[in-house]
Amino acid sequence: MELSSQLLQLLFSGLTLGSIYALIALALVTTFNITGVLNLAQGEFLALGALLAASLSAASLPLAAAFVISVALVTLLSGLVERTAIYPARGAGGLNLIIITIGLSISLRGLALLLWGTDPVALPAFSKGAPLAVGGATIGLQSLWIFGLVAVTLAGLYAFFELTYQGKAVRACVINRTAARLVGINPATMSLLAFAGSGAIGAAAGIFIAPVTLATYDMGFMLGVKGFVAAAIGGMCSVSGAVLGGIILGILEVYFAGLISSGLKDALALVVLLAVLMLRPEGLLGAVGGRKV
């Protein structure tokens, strides 16, 4: 393969990987924008969505039905998690809430291990056919589905937060809870909806990427870490920044693994995170305009 074709192939792979990170970052930013809670259990919702869909598909359920049922179940689970673990500790400090979400992540991963074991499970690709050839490189059809999910999720969240009264109202909950209550906004309800919505996004992301990566009980841990790094790069309060951060991280990782060393690929994410925290802790877009979406 010529160098130009190889670089283009790496770019396509980086865009696919970055889109996966972007989806997780979008879910993290959604929760953080509304509740102020950094949900480090987000990756486990992704894994559960993928595992549920794979199991339902293996039971001869149509893929569309498996998708709907899996997303619905994970949405209910994420809402239950918020009511039983996050809501009772709503008066605790931010660090305590982060520790709670870490505990939830470990518990959900253990539950997935008990139910599905250690063997990976497969989910059929959404579209049949050969990869598309572009400029001497190829891009899989499933990658196009992932790009589409990122675009739809980004557009939906941006329109909700920026163009609707309800979106501005829920963001007011994290800025000033007392003032939000005075104008009739219930922060407890908003917190429940935020966690349920982020769970739905995570489950959908897991189902969309499962045909590419396979589904395993522990797939959510590292993806959750990378999603957090992507959100930090773009700015924890910016949905557009979450997508930008995911794409940047995915491309950097793929080029680093392909041209330098694949063994240090995961370490690169931590190096990038440290660099962002030291040079621009608000993120690339968060530093420009503060709390934006």
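Which ring does the charged end of arginine 83 sit over? That would be the ring of tyrosine 87, with the charged end 4.2 Å from the ring centre.

Keep in mind that this is a predicted model. The protein chain has a mean pLDDT of 86, and 94% of its residues reach 70 or more. Residues 287-293 are the stretch to treat with care: pLDDT there is below 50, and beyond near neighbours in sequence the stretch has 20 contacts in the model.

Now for the inside. The largest nonpolar core has 66 residues, and Leu46, Ile209, Met219 and Leu223 have the most contacts inside it. Helix α1 (residues 3-35) gives this core its largest share, twelve residues. Leaving aside neighbours within four places in sequence, isoleucine 209 is in contact with Ile20, Leu46, Ile146, Met219 and Leu223. There's also a second, separate core of nine residues, with Val37, Val81, Ile86 and Leu97 among them.

On to the aromatics: the structure holds five aromatic pairs.

| Pair | Centres apart | Angle between planes |
|---|---|---|
| Phe126 and Trp145 | 5.3 Å | 80° |
| Trp145 and Phe208 | 6.2 Å | 65° |

Phenylalanine 126 is in the loop between α4 and β1, and tryptophan 145 is in helix α5, so their pair ties together parts 19 residues apart in sequence. Phenylalanine 208 lies in helix α8, so its pair with tryptophan 145 ties together parts 63 residues apart in sequence. Phenylalanine 208 is buried at 9% relative accessibility, while tryptophan 145 is partly exposed at 37%. Ring pairs link Phe67, Phe126, Trp145 and Phe208 into a cluster.

Notes:
Residues numbered from 1 in each chain as written. Predicted model: local features only at pLDDT ≥ 70, side-chain atom pairs only at ≥ 80, totals over all residues. Heavy atoms only, no water. pLDDT = per-residue confidence, 0-100. Contact = heavy atoms within 4.5 Å. Core = buried A, V, L, I, M, F, W, Y, C linked by side-chain atoms within 4.5 Å. Buried < 20%, exposed > 50% of the residue type's maximum accessible area, 1.4 Å probe, protein only. Helix = DSSP H or I, 4+ residues; strand = E, 2+ residues; numbered from the N terminus. Phe/Tyr/Trp six-rings, centres within 6.5 Å; stacked < 30°, edge-to-face > 60°. Lys NZ or Arg CZ within 6 Å of the ring centre and 35° of its normal.
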